[in-house]
Structure formats: structure tokens, C-alpha cells
Amino acid sequence: MGKAYVPKSKQRKDRCLVSVEQYRHYRREGYLIVRGLLQEAEVSELFQLAEEVRIQSLNPDKKGAADSTDPLKDEFAAATRLHMLSRIHPAAERGMLHSRILDVTEALIGPDVYALQSMMFLNPPGKGGQGWHQDSYYIKTHPDTLIGAWIALEEVDEENGCLWVVPGSHHEPVYPPEGGGGGSVHAVDAFSDLNTVRNVSHIDDEVNTLSTVVSHYPPPTPVKLSAGDVLFFDSHLFHRSYPNRTTNRYRRSYVCHYCNARSWVPWDHDGYEGDSGNYRQILGRGSTHHAYAEPIFGTEVYLSDPDEAGVSVTMMGMDNGMMMPMEMKK
């Protein structure tokens, strides 16, 4: 007899419940904005971390290696964005495992959720920006269940470099890199006409060939956010940002990625370390049959209780879960 699986959310007083219309919007358009999801004190903690990082790390005049072909080489060299602060700062871990962010994520891709990656963006005046890309181009999960959560730490608009999205483009496959470098989300040779792309993330549309696919859609939509707003977006969604055009404003944001914890993750930010990177990913909700990590700094997560009593899901109302009585013939 198989073991019953009973997905059940943990109830809390401050739980964020997702409406059916919000779920429909996410599935239809590929993104969902939840206004005011983080409280002022929670935003303040992440903003303060961004300021500490800016003072310690930002070097806006530093350039990347001349022989590098990475379109983001200068941004990384200048430290306008830093990855995986959640592994070294308690505040960053709390942000990545924020209970209400995981509430929404659980509803959209759950009930089992891995927390995979965190990124702090600073985007000072004249800096920042990333050309058209799909997040699953970089972070593979199998099954492909990746989702991003983009947390605004201050006012974000077209002037200081907000995100732009192409509604409905999440229905596209993930376009693989030319030459196969980095692998593919999809099975090799599963498509008859899935073109490869070059210079993904390059800010120049003439160079970034993914922009040709984007051009088949209606004009992109700017995502204007206030501090505490969170944009959730599908990993196939075409999205980009432009450099900060202001002279006196930053665009600080904290961006995290998650996937359903039943997915195999052949990835870890610190490098490929074996058959799977699952054991490095924090289980934030539910349960999983894969290996997983626990929060380094003790941030509370809400996992399934394997001993909790419940009723297994059955089909067609049959008590034993079968579609029809065993004695019936098709």
C-alpha cells in the first residue's frame, strides 16, 4: 500500500492567502504583483543590508575582464549585484524565507518549496540593467518549476530602472544557448524548431537575439513598485531592465528564486558538486523525497508533519482511490 501524501498548509494569523483571481492572473500573464507584502520594518532590515553591502562592496567604476564575453561582466565587477547573501547574512536568509513570500510561492507552485537563490541589486545612478532573458535559461530544475520573487526596497519606476515584462510570454519554451553551453531545460531534440539564442541578457537588442522572439509580442509592460511590493514571475517570462537614468537615486531590490521541492536541481550557486545540488537548497515548505538543507541562521520554516493525520486524495469518489471498482472492465 502506497503512503498517502496530504499537502496541507500551516495556518498562521498573518498568513497571506492567494485569491483565485491572483492565481489565474499568474497563470495567464506569467507574473503577479502583491502590493505591501512586506511590512515597513521588514523592508528596513533588507534596505539596511543593501546599504552595508553598498558601502563595503560597490565599486561603480570597476570594469570586467576585457576578454570576458559575459554581458554582465561590468555589473559583477562593479558589485552592483551580489549573489547568495542568504548564506552569509541572517537578514538575507530571513528575507529569502519570509513567511508571506513563501505563502504566495506555495500557492503558485507548491505545496512543496525549495529556496534556491538570493540576489541583492543596488543599481546606482548610471548603472544596472540586464537585457531580455528567461530565468530558467540560467537555473535549471527538472521538472521545470522555477519562480522568481522580486522585492522592491524603495520606489521603483522607469527612471531608476524598473523591470519590464512581456505578459503571456511565459508560454514560450526556454530558448537554449547556441552551442549548448549551460545545457537546456527541455529534452534534447524534443522540438523541431526551437532556435538557439546568442548574447542573452545583453542590453543591446541588436546583439541579444532573444529580442527577435520578444518582438512578436505586444509592447512590454513596466513594473512600477513601492517598497514592500513583491513581483512573482514565471521563469519562462521574457523580462529585462534598463540602466538607472537618474543622477541621485538608487534602485535597491532583493530577488530570490524558488522551485517546487519535488524537482531535481542539477545546480548550486557555488558550483556543480556532484549528481545533484538539492542538498544545498533550503526546504521552505511542505516536504520532499530529495535531499535538502535547513536554514543556516535558524529562520523558521513551516514544513509538513509526516505524522499528521489526514485524508489522502482519491479519484472519482472511490474510497480506495481507484477510478472504478476493480471488478469492472474498461
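The structure holds 2 cavities of 30 Å³ or more. A cavity here is a set of points on a 1 Å grid over the protein atoms alone where a 1.4 Å probe fits but cannot get out. This is a predicted model, in which local features need pLDDT of at least 70 and side-chain atom pairs count only at pLDDT 80 or more, while totals for chains, interfaces and linings use all residues. Residues are numbered from 1 along each chain as its sequence is written, and side-chain values use heavy atoms, with hydrogens and water left out.

**Largest cavity**
- About 60 Å³ of space lies in this cavity, a volume being the space filled by probe spheres set on the points.
- Its lining (residues with an atom within 4 Å of a point) includes Pro7, Lys8, Glu106, Arg285 and Tyr302.
- Strands β11 (282–286) and β12 (302–303) each supply at least two lining residues; strands are DSSP runs of E, at least two residues long.
- The lining has 4 nonpolar, 3 polar and 4 charged residues.

**Second largest cavity**
- The volume is about 40 Å³.
- Among the lining residues are Ser136, Tyr137, Lys140, Pro176 and Val185.
- By class, the lining divides into 6 nonpolar, 3 polar and 1 charged.

**Helix α2**
- Helix α2 (a DSSP run of H or I, at least four residues) covers residues 40–57 and reaches 25 Å from first C-alpha to last, close to the 26 Å expected at 1.5 Å a residue.
- Val43, Leu46, Leu49, Ala50, Glu51 and Val53 of α2 are buried, that is, under 20% relative accessible area (1.4 Å probe, protein chains only).
- These buried residues pack against β2, α4, β3, β5 and β10, with contact meaning heavy atoms within 4.5 Å.

Key. On a 1 Å grid over the protein atoms alone, a cavity is a set of points where a 1.4 Å probe fits but cannot get out, and a pocket is an open set with protein on both sides within 12 Å along at least five of seven lines; lining residues have an atom within 4 Å of a point. Ala, Val, Leu, Ile, Met, Phe, Trp, Tyr, Cys and Pro count as nonpolar, Asp, Glu, Lys and Arg as charged, and the others, Gly among them, as polar. The expected span of a helix is 1.5 Å times one less than its number of residues. Buried means under 20% relative accessible area, exposed over 50%, partly exposed in between (1.4 Å probe, protein chains only).
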